[in-house]
Amino acid sequence: MTDGIMSKAATMEIPINSNGDTGTLPEDDSLEQDLQQVMVSGPNLNETSIVSGGYGGTAEGIIPTSSIKGSNINHSASSSSLADDANRGVAVEKLEYVKKWGLNTYKCTKQMISERFGRGSRTVDLELEAQIEVLRDTKRKYENMLRLARALTNHFYSMVQTQHALGDTFADLSQKSPELRDEFGYNAETQKLLCKNGETLLGAVNFFVSSINTLVNKTMEDTLQTIKLYENARLEFDAYRADLEELSLGPRDAVTMARIDAAQLQFQVHKDKYEQLRADVTIKLKFLEENKVKVMHKQLLLFHNAISAYFAGNQQQLEQTLQQFNIKLKPPGSDKPSWLEEQ
């Protein structure tokens with residue numbers, strides 16, 4: 001319980017100012033508690049680590065293991081010293097990691113809140129932002145197209161199954177109704193032909209759906225993941241830029257100059273990361289657009305030719321369409337004998 005109180009107290013000492021000076025954001029007293037809650041929700045330390053203190057704690061927060069040794073432990077002095085050094089090293093390393101994570105989280109959260117309330121500036125690449133918005137809008141429209149194409153496939157599959165059953169019924173009645181043998185016979189043949197063509201069309205439509213699914217949920221999604229990394233890097237870049245600008249407006253004593261130098265170094269690191277990801281996004285958007293045009297040109301031509309041939313009753317053209325796009329239908333006997341083969 002004491003350790004929990006000490007950790008909370010140390011966390012509360014984190015200044016609500018990007019320069020480390022005490023103070024609060026104007027007009028938002030509740031933001032301090034919100035930001036501190038974000039900081040507390042950071043990565044968990046190993047439970048066996050003997051660490052006390054918060055992100056801003058001093059060396060007093062590290063408790064040497066030698067101070068809690070029992071008098072009845074008979075290890076050698078050299079082994080105990082090595083163990084103590086190892087424990088202290090792990091504790092210091094984890095403490096530094098948490099401090100860096102907490103500081104970065106605080107700066108980014110402050111920048112995000114400042115942007116949301118219109119008190120902070122953000123870096124904007126108008127051309128790139130427009131391309132990203134176009135991609136997101138295109139993905140939404142393609143997802144709707146994919147949903148409709150899947151619905152068409154399901155409905156058409158049900159129709160083909162119905163034609164299958166109807167053809168079987170006509171064939172059976174043709175044998176059992178001598179007076180209507182011819183009428184039932186040619187209706188059975190018609191349904192067989194429609195079912196065969198329907199299976200061929202389903203092969204083309206399934207290929208269309210599969211290709212669109214790959215484009216939307218793999219190719220576009222991969223580019224959007226890179227965009228998310230770019231947007232996070234942009235937020236970090238603006239956070240450290242704002243921090244450096246704020247420090248530059250303050251006094252120029254020795255302590256402040258050292259802090260400015262450190263801020264300048266961090267700013268450059270995040271600037272390089274931001275520019276690299278911006279270049280990656282630009283390249284991926286370009287390649288995605290080229291790939292999208294190429295894929296859709298092929299798939300839309302396939303879809304048009306297959307649909308047109310089917311509803312025109314042109315079985316030869318329908319089969320040629322599948323050959324043109326190298327679509328191979330599933331062999332009828334791969335699962336079970338086709339009813340067409342059994343007739």
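**How many helices and how many strands are there in the protein chain?** The protein chain has 8 helices and 0 strands. This is a predicted model, in which local features need pLDDT of at least 70, side-chain atom pairs count only at pLDDT 80 or more, and totals for chains, interfaces and linings use all residues. Residues are numbered from 1 along each chain as its sequence is written, and side-chain values use heavy atoms, with hydrogens and water left out.

**Figure 1. Overview of the protein chain.** Along the sequence the pattern reads α-α-α-α-α-α-α-α. Helices (H or I, at least four residues) and strands (E, at least two) are DSSP runs, numbered from the N terminus. Of the 343 residues, 34% count as buried. Buried means under 20% relative accessible area, exposed over 50%, and partly exposed in between (1.4 Å probe, protein chains only). Take the contacts between residues at least 6 apart in sequence: 79% of them join residues at least 24 apart. Contact means heavy atoms within 4.5 Å.

**Figure 2. Helix 5 against helix 6.** Two packed helices are described by the angle between their axes and the distance between the axes. Helix 5 (residues 181-248) packs on helix 6 at an angle of about 165°, with the axes 7 Å apart. Helix 5 is therefore roughly antiparallel to helix 6. Axes are lines fitted to C-alpha atoms, for helices over the stretch in contact, and angles run from 0 to 180 degrees between N-to-C directions. Angles under 35 degrees count as roughly parallel, over 145 as roughly antiparallel, 65 to 115 as roughly perpendicular and the rest as oblique. The crossing of helix 5 and helix 6 is left-handed. A crossing has this hand if the near helix is turned anticlockwise from the far one by less than a right angle, and is right-handed if clockwise. Sorted by class, the contact of helix 5 with helix 6 has 32 nonpolar, 13 polar and 13 charged residues. Ala, Val, Leu, Ile, Met, Phe, Trp, Tyr, Cys and Pro count as nonpolar, Asp, Glu, Lys and Arg as charged, and the others, Gly among them, as polar.

**Figure 3. Helix 6 against helix 7.** Helix 6 (residues 254-311) and helix 7 (residues 315-324) pack at about 160°, with axes 8 Å apart. That angle makes helix 6 roughly antiparallel to helix 7. Their crossing is left-handed. Helix 6 contributes Leu301, Leu302, Asn305, Ala306, Ala309 and Tyr310 to the contact, and helix 7 contributes Gln317, Leu318, Thr321 and Gln324. By class, the contact of helix 6 with helix 7 has 6 nonpolar, 4 polar and no charged residues.

Figure 4. Side chains of opposite charge can pair when their charged atoms come close. A salt bridge is a side-chain nitrogen of Lys or Arg within 4 Å of a carboxyl oxygen of Asp or Glu. The whole structure has 17 salt bridges. Lys141 and Asp137 form one of them, at 3.2 Å, N to O. Both residues lie in helix 4 (residues 126-176), 4 residues apart, about one turn of the helix. Lys141 is exposed, at 53% relative accessible area; Asp137 is partly exposed, at 28%. A network of salt bridges links Glu133, Asp137, Arg140 and Lys141.

Glu143 and Lys139 form another salt bridge, at 2.5 Å, N to O. They too sit 4 residues apart in helix 4, about one helical turn. Glu143 is partly exposed, at 34%, whereas Lys139 is buried, at 10%. Lys176 bridges to Asp172 at 3.5 Å, N to O. Lys176 is exposed, at 60%; Asp172 is partly exposed, at 35%.

**Figure 5. Arg150 and its contacts.** Arg150 belongs to helix 4. Its relative accessibility is 39%, which counts as partly exposed. Neighbours within four places in sequence aside, Arg150 is in contact with Val209 and Asn213. Arg150 and Ser210 are 60 residues apart along the chain, and their C-alpha atoms are separated by 9.6 Å.

**Figure 6. Asn326 in a loop.** Asn326 lies in the loop between helix 7 and helix 8 (339-342). Most residues other than glycine have a negative phi. Asn326 is not a glycine, yet has a positive phi of about 55°. Asn326 is exposed, at 67% relative accessibility.
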